[in-house]
Amino acid sequence: MKTIEFEVLGKKDTRSGFGEGLLEIGKQNKNVVALCADLTGSLKMNAFEDEFPERFFQVGIAEANMMGLAAGMTVGGKIPYTGTFANFSTGRVYDQIRQSIAYSKKNVKICASHAGLTLGEDGATHQILEDIGLMKMLPNMTVIVPADFNQTKQATIAIAEHDGPVYLRFGRPSVPIFVKPDAEFKIGKADLLIEGTDVTIIACGHLVWKSIEAAQQLAEEGISAEVINMHTIKPLDVKAVLDSVGKTKCVVTAEEHMANGGLGDSIAQVLSQHTPAPQEYVAVNDKFGESGKPEELLTKFGIDTPDIVKAAKKVIQRKN
Amino acid sequence: MEVKELEQIASQVRRDIVRMVAGVNSGHPGGSLGCADFLTVLYFDEMNHNPTDFKMDGIDEDVFYLSNGHISPVWYSVLARSGYFPVSELGTFRKLSSRLQGHPSTDKGLPGVRMASGSLGQGLSCALGTAQVKKLNNDPNLVFSLHGDGELQEGQIWEAAMYAAAKKVDNIIATIDYNGRQIDGDVDDVISLGNLNAKWQAFGWEVLEMDGHNIAEIKETFAKARVMTGKGKPIVIIMKTEMGQGVDYMMGSHKWHGVAPNEEQLASALSQLEETLGDY
């Protein structure tokens, strides 16, 4: 029996990584400005607001206006970071993002917290599970879903260097930290976390840690799983997908998002065009979320560690 | 610039508009003709801008946003005539691969355009963002914007209006093209704007009114508005215009909002508009 050791460095919410990253990039780059739609505390933007009050814009409960303001602030050379919940960062303001940010190719960083089911008790009105799809369909848009506190901080800093619109998706609950604090974040370059030969697990966001747990359990049963943290959904690291699935010949994709239009679909698109391989989706299947504790919801909606283990075994069977 | 000279430019701009729209049998002549005088004064007399050295960031110059993007013909004409790009390019309007898209865009790099518009209601927010950044950059130049009256039915306009007053954005001069008409009919019949002047005042704006077809009055109103900037309140000009102004059969109706004239109608329109700078 083989075991996989994976060092946990602590536990924190990814949104706090955003808050720390924003403060840091604010210190490094005086062109960074931040806008928030009445959720400063939830987005952990207080530190930036306190340090740079003249570069912080409280816009109130008016997300459409916030997106337009941010687009306008790029005219004048600023790098605006907008902050609100993922639902109000995307679905609510899709046309504003489409016309004033994506089509106009403005250097706006759309930073979205409380994404997915793990927002918890607030329920389906706030639990967007369509945002990755909405954002990745827009030309010019880069879509990033970091996996833990450290990576969210690193991504928040890194996107300032990328000239163009970015969607940065993170979440509410406290989750294990496993990315090294000094790791380099490269947009579009996947992290190979665990090497394996029987099955590839490609995940993003909160489901990356779940995939590590799944790989550990699979190892105990003698199954060798490769785990890839696909923190950038767009542009997708096609090489990482093909290299890994070329070796394992099957894949499980895991995400806190609808199966329709999410990470899994991006992977399927690559594989169907290059090397078709069996794929299992660990994702929400065409349902709205509901109130509950984050962990309970992941279980109920079938996107928890045991679901990844099950999907891995199933997809390995399908290879033959 | 003298009133007479501006009137001559505006006449040529109107010729450009009807020729562009007729040339592709599509586009929006009504509102374009109605804003020809305003945009001519803005670009040839009022704004501090650099037509031959266009910079996306707009730093150290006045910046203009066209929020009602469907009146792109008048904007394109004024941009070309003031030197942003060759006048001959007006002939490519709405054609395949043209920089002059049906609605303005930055996508193909047309000098003079800083933001796509067409989906209504977004331009005031963009203008305010630029205005706030001008303050942050200690740039004393102003931001101008133009909006349709029908466009004011979009909720985002009022989010932006509320924000501007709350944040004391006093380096913006927004203008409303108050022609009273929209695609489905008179604005009053579709969704009345009620007392527009009182609405803007209630939202905390300084409100000016002007006749959008009296060049001397447009100049004076801009001068008055400039004096009002920097005093803690945003400024809006409610500009009374006539859709289709300058072409008799297009005036007095909403029917020419988005319809192109045929060959015979074009000839009639051109006979009413003096060629002053030479057709493209």
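Start with helix 1 of chain B and helix 10 of chain B, which are roughly antiparallel to each other (angles over 145 degrees count as such). This is a predicted model, in which local features need pLDDT of at least 70, side-chain atom pairs count only at pLDDT 80 or more, and totals for chains, interfaces and linings use all residues. Residues are numbered from 1 along each chain as its sequence is written, with chains lettered from A and ligands numbered from 1 in the order in which they are written.

**Stop 1: the helix pair in chain B**

Select residues 3-24 and 263-272 of chain B; these two helices pack at an angle of about 170°, with their axes 10 Å apart. Helices here are DSSP runs of H or I with at least four residues, strands are runs of E with at least two, and both are numbered from the N terminus. Axes are lines fitted to C-alpha atoms, for helices over the stretch in contact, and angles run from 0 to 180 degrees between N-to-C directions.

Now show Arg15(B), Val18(B) and Ala22(B) on helix 1, which meet Leu266(B), Ala269(B) and Leu270(B) on helix 10. By class, five residues of this contact are nonpolar, none is polar and one is charged. Nonpolar covers Ala, Val, Leu, Ile, Met, Phe, Trp, Tyr, Cys and Pro; charged covers Asp, Glu, Lys and Arg; the others, Gly among them, are polar.

**Stop 2: where chain B touches chain A**

The contact takes 28 residues from chain B and 23 residues from chain A; two residues are in contact if their C-beta atoms, placed from the backbone, lie within 7 Å. On the chain B side, select helix 5 (123-136) and helix 6 (155-166), each of which supplies at least two residues. Helix 5 of chain B gives the most to that side, with 10 residues. The chain B side has 12 nonpolar, 11 polar and five charged residues.

**Stop 3: the two domains of chain A**

Colour domain 1 (12-176) and domain 2 (191-318) of chain A separately; the bounds come from an automatic or database domain assignment. Their C-alpha centres lie 25 Å apart. Across the boundary, 28 residues of domain 1 are in contact with 30 residues of domain 2. Elements that each supply at least two residues on the domain 1 side include helix 6 (131-136) and helix 7 (149-158) of chain A.

**Stop 4: around Ala312(A)**

Finish by selecting Ala312(A). Leaving aside neighbours within four places in sequence, its contacts include Val199(A), Ile201(A), Leu218(A) and Val252(A).

Methods: Parallel < 35°, antiparallel > 145°, perpendicular 65-115°, else oblique.
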